[in-house]
Amino acid sequence: EGRETRLRVVLRVRPLTCTETRRGDQEVVHSLGDGAIHVSAARHDATFGFSAVFDAGASQEAVFEGSGMRQLVELAIDGFSCTVFAFGQTGSGKTYTLMGPLAQSETQPALLGLMQRSFTCLLEQSRSRGTDLALSASYLEIYNEQVRDLLSPGPPCALPLRWSKTRGFYVENQLSVEFESLEAIVSLLLQGSQRRRTSAHALNRHSSRSHALLTIHIRSRAHHPPTRVLQASACPSKQGTLCFVDLAGSERVKETGSSGELSVEANSINRSLLALGHCISLLAKPRGKRTHIPYRDSKLTRLLARSLGSSGITLMVACISPSSRCLSETLSTLHYASQARRVTTKP
Ligand code: ADP
Ligand code: MG
């Protein structure tokens, strides 16, 4: 608490997809062990280091256990603001890492992603610690620079994003739904995800066209014997959050075959990712040399301001494809992810 803490950055390399294998794509990314990853292709030869690297063979469970996600859940229960975000090109495995293939999640629990595993962990912890946890969830998307509520019924409407001295940036009137069981929170996740804007284009048939942020609000009160009435100050309540951010992928408009509405989407996705990259680059400088961080450049960076720059604890899961065809996007993801390792916050 109060000490400078580095962003934790882990890398996941997905397996080649069927299409890539059929096409005969070469794998240009190789894990060297100990968090090192090597990229070798015609004119590129580079090694990068991360807190952990998960290669194509890594299971969803291995990613959960090896990424530090469990500790993040515990810190959120302890009252910290915790964020995990998946970062990488469209089709690199961000949604898969966070949620797994939602359609198969009931029949194949091994494929459940970081989110469902965290929910389970959270509910287990709340039972075993003997604390009284009040849990609620909100789920938002940023689509074409508009913040929309994914949980409130009816057609999506834009919510205002405001700033106050005490709360920092926050979304006004967002719905927060209480839950007590795993079934309830998983069903909120499913409902919300179905309402997210996706559209089919060449790179990924179900590509997300929006950034989605699911936040779990955790309020805990220490249990005390019913016979002794303690003063409120003797058992302070803690309020933590656990936020999952599924970013829409960066993409080159020309490569995705996007036009019209799709290219407007792609441009606003790219613009906000650019703003995110810019903030990360500036935050990666030593504290004394930092200049003003332009969080206000996009809705995404405003909503991530606390996680990245002030009092949050953040885990970044950078996702890449091993294919030679994705080389330039992969190098760019690796570059940003390496920079992000130098970002510090003061939880
Ligand atoms: P993104 O969200 O980054 O656009 P997705 O998570 O939708 O990418 O993944 C793209 C495709 O690759 C999907 O068909 C997904 O099922 C598959 N995929 C991604 N990661 C893995 C993995 N680790 N193992 C198996 N398939 C994966
Ligand atoms: Mg996705």
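Cys279 is buried, with a relative accessibility of 0%, where buried means under 20% relative accessible area, exposed over 50% and partly exposed in between (1.4 Å probe, protein chains only). Cys18, at 58% relative accessibility, counts as exposed. The model is predicted: local features need pLDDT of at least 70, side-chain atom pairs count only at pLDDT 80 or more, and totals for chains, interfaces and linings use all residues. Residues are numbered from 1 along each chain as its sequence is written, chains are lettered from A and ligands numbered from 1 in the order in which they are written, and side-chain values use heavy atoms, with hydrogens and water left out.

**Cysteines**
- The count of disulfides is zero, a disulfide being a pair of cysteine sulfur atoms within 2.5 Å.

**Confidence**
- The protein chain has a mean pLDDT of 85, and 87% of its residues reach 70 or more; pLDDT is the predictor's confidence in each residue, from 0 to 100.
- Over residues 199-206 pLDDT stays under 50, and the model has 23 contacts beyond four places in sequence for this segment, a contact meaning heavy atoms within 4.5 Å.

**Overall fold**
- The protein chain holds 10 helices and 19 strands; helices (H or I, at least four residues) and strands (E, at least two) are DSSP runs, numbered from the N terminus.
- Of the 347 residues in the protein chain, 51% are buried.
- Among contacts between residues at least 6 apart in sequence, 71% join residues at least 24 apart.
- The chain exposes about 16,500 Å², of which carbon and sulfur atoms supply 50%; accessible areas come from the Shrake-Rupley method with a 1.4 Å probe, and for residues only the protein chains shown count as cover.

**Helix α9**
- Helix α9 (residues 299-309) is largely enclosed by the rest of the structure, because 10 of its 11 residues are buried.
- Among the buried residues of α9 are Lys299, Arg302, Leu303 and Gly309.

**Ligand 1**
- There are 12 residues around ligand 1, and Gly91, Gly93, Lys94, Thr95 and Tyr96 come nearest; a residue is near a molecule or strand if one of its heavy atoms lies within 4 Å of it.
- Helix α4 (residues 94-99) gives the largest share of this shell, three residues.
- An oxygen atom of ligand 1 lies 2.8 Å from an N or O atom in the side chain of Lys94, and a polar side-chain atom of Thr95 is 2.8 Å from an oxygen atom of the ligand.
- A polar backbone atom of Gly93 is 3.1 Å from an oxygen atom of ligand 1.
- Taken alone, ligand 1 exposes 560 Å², and the protein buries 73% of that.

Note on methods:
Polar contact = N/O pair within 3.5 Å; in protein donor to acceptor, adjacent residues only side chain to side chain.
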